[in-house]
Amino acid sequence: MPASITVRAPAKVNLQLSVGPPRADGFHELATVFQAVNLCDEIVARENPGGGIRLTMSGEGAEDLPTDEDNLAHRAALLLAEALDVPADVDLHIHKAIPIAGGMAGGSADAAGTLLACDALWRGGSTREELTDLAAALGSDVPFGLHGGNAIGTGRGERLTSVLSRGRFSWVFALADDGLSTPAVYSECDRLREGRSVPDPYVSDMLMQALGAGDAELLGRALLWFWLAKILRAKSTCALRANRPSKSV
């Protein structure tokens, strides 16, 4: 058994997030376009015979994160140990560089990296499909942490289709002082769309064309038009509501 395994886990951005109506299970049907970016957490897995799962963290916002079962990486190690039928003994250290609660899936990236690191440390020999199934059980964004590159996510985001992308794209990220809770964001989305007919989620053709061509300028226009269409649709709905005659009593 190797003494330690190190994995670098990249952040992601959603180039598009098209949200359908709520499903019966409480999730939303999505069509999203993921892109991995070169901003990575580092996960180191070391032998810890008989010591259980020990998780320590350093770096970006580490002091605010749990190191017990409430941490997704901790749960990933435990889930993999159960799947492999091996003792859940590992010393994990995660150095954070991905901003917390910034929509960049840092926790999901750590969970995906933990699956890879522990599978190698324990010589599990798991297939990509087996690890992806475990990742989907942990969270909607975790499978993309294993996939990387560019992909379309459907379902609740866990069903992935690879996307052809050429060239190199450089991003500037502006981060708010306070993060946003994913459940709170979806709840607000549902509130704003209450009483409206919500269309099925879709992927922008212009966005796919931009990625395939490696055209940064076209990609920028695709992002602008997607969100502009969302804003105009929301404003149109508000105007219709405002002009709707009140019912007589």
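Predicted model: local features only at pLDDT ≥ 70, side-chain atom pairs only at ≥ 80, totals over all residues.
Biologist: At roughly what angle do the axes of helix α2 and helix α3 cross?

Modeller: Helix α2 covers residues 106-121, and helix α3 covers residues 128-138. Their axes come within 10 Å of each other. The crossing is right-handed, and its angle is roughly 140°.

Biologist: How many residues of the contact of α2 with α3 are charged?

Modeller: On the side of α2, the contact is made by A111, L115, L116 and D119. On the side of α3, L131, L134, A135 and L138 take part. Ala and Leu count as nonpolar, whereas Asp counts as charged. The contact therefore divides into seven nonpolar residues, no polar residue and, as charged residues, one.

Biologist: Is A101 buried, partly exposed or exposed?

Modeller: A101 is found in the loop between β4 (90-96) and α2. Its phi is positive, about 55°, although A101 is not a glycine. Buried means under 20% relative accessible area and exposed means over 50%. Because the relative accessible area of A101 is 43%, this residue is partly exposed.

Biologist: Is A105 buried or exposed?

Modeller: A105 also has its place in the loop between β4 and α2. Its phi is near 60°, a positive value in a residue other than glycine. The relative accessibility of A105 is 16%, and the limit for a buried residue is under 20%. A105 therefore counts as buried.

Note on methods: Residues numbered from 1 in each chain as written. Heavy atoms only, no water. Axes fitted to C-alpha atoms, helices over the stretch in contact; angles between N-to-C directions. Helix = DSSP H or I, 4+ residues; strand = E, 2+ residues; numbered from the N terminus. Left-handed = near helix turned anticlockwise from the far one by under 90°. Contact = heavy atoms within 4.5 Å. Buried < 20%, exposed > 50% of the residue type's maximum accessible area, 1.4 Å probe, protein only.
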